[in-house]
Amino acid sequence: MATVIRLTRMGRKKKPFYRIVVTDSRKRRDGGWIESLGYYNPLKESDNVKFDSEKLTYWIGVGAKMSDRVAVLTGNK
């Protein structure tokens, strides 16, 4: 199974909120996910990204690929 770390959209119309999740790469953007690692809230000015760095390191260690946006948000690019 090819796993990927990417954003899944939550919230309502015109009020986006994203979770940073680990999911199967073949699933839809908002399909089921394996584990939630944190969140990204683009509407907040400060403290808009929060994630568990230990879980992120674990999933990268077992072969999960990060999407471009998640790499930028977490500072791993």
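Let's start with a pair of charged residues: the side chains of K55 and E35 meet in a salt bridge, 3.2 Å from N to O. A salt bridge here is a side-chain nitrogen of Lys or Arg within 4 Å of a carboxyl oxygen of Asp or Glu. Because K55 lies in helix α1 and E35 in strand β3, the pair ties together parts that are 20 residues apart in sequence. K55 counts as partly exposed at 33% relative accessibility, and E35 counts as partly exposed too, at 21%. (Buried means under 20% relative accessible area, exposed over 50%, and partly exposed in between, with a 1.4 Å probe and protein chains only.)

A word on what you're looking at: this is a predicted model, where local features need pLDDT of at least 70, side-chain atom pairs count only at pLDDT 80 or more, and totals for chains, interfaces and linings use all residues. Residues are numbered from 1 along each chain as its sequence is written, and side-chain values use heavy atoms, with hydrogens and water left out.

The salt-bridge count comes to two. In the other pair, R26 joins D24, with the closest N and O atoms 3.0 Å apart. Here R26 is exposed, with a relative accessible area of 65%, whereas D24 is buried at 10%.

Now for the sheet. Helices (H or I, at least four residues) and strands (E, at least two) are DSSP runs, numbered from the N terminus, and two strands pair if DSSP finds at least two bridges between them. Five strands make an open sheet in the order β4-β3-β2-β1-β5, with mixed pairing. At the edges stand β4 (49-51) and β5 (65-66), each with a single partner strand, so one side of each is left without a neighbour in the sheet. Further in, β1 (residues 3-12) and β2 (residues 15-24) run antiparallel and are joined by 10 bridges. Along them, T8 stands opposite R19 in β2.

Helix α1 (residues 53-61) lies across β1, β2, β3 (35-40), β4 and β5, running at about 125 degrees to β3. That angle is taken between N-to-C directions, from 0 to 180 degrees, with axes being lines fitted to C-alpha atoms, for helices over the stretch in contact.

Finally, take a look at Y18, which lies in strand β2. Leaving aside neighbours within four places in sequence, Y18 is in contact (heavy atoms within 4.5 Å) with L7, T8, R9, Y39, Y40 and P42.
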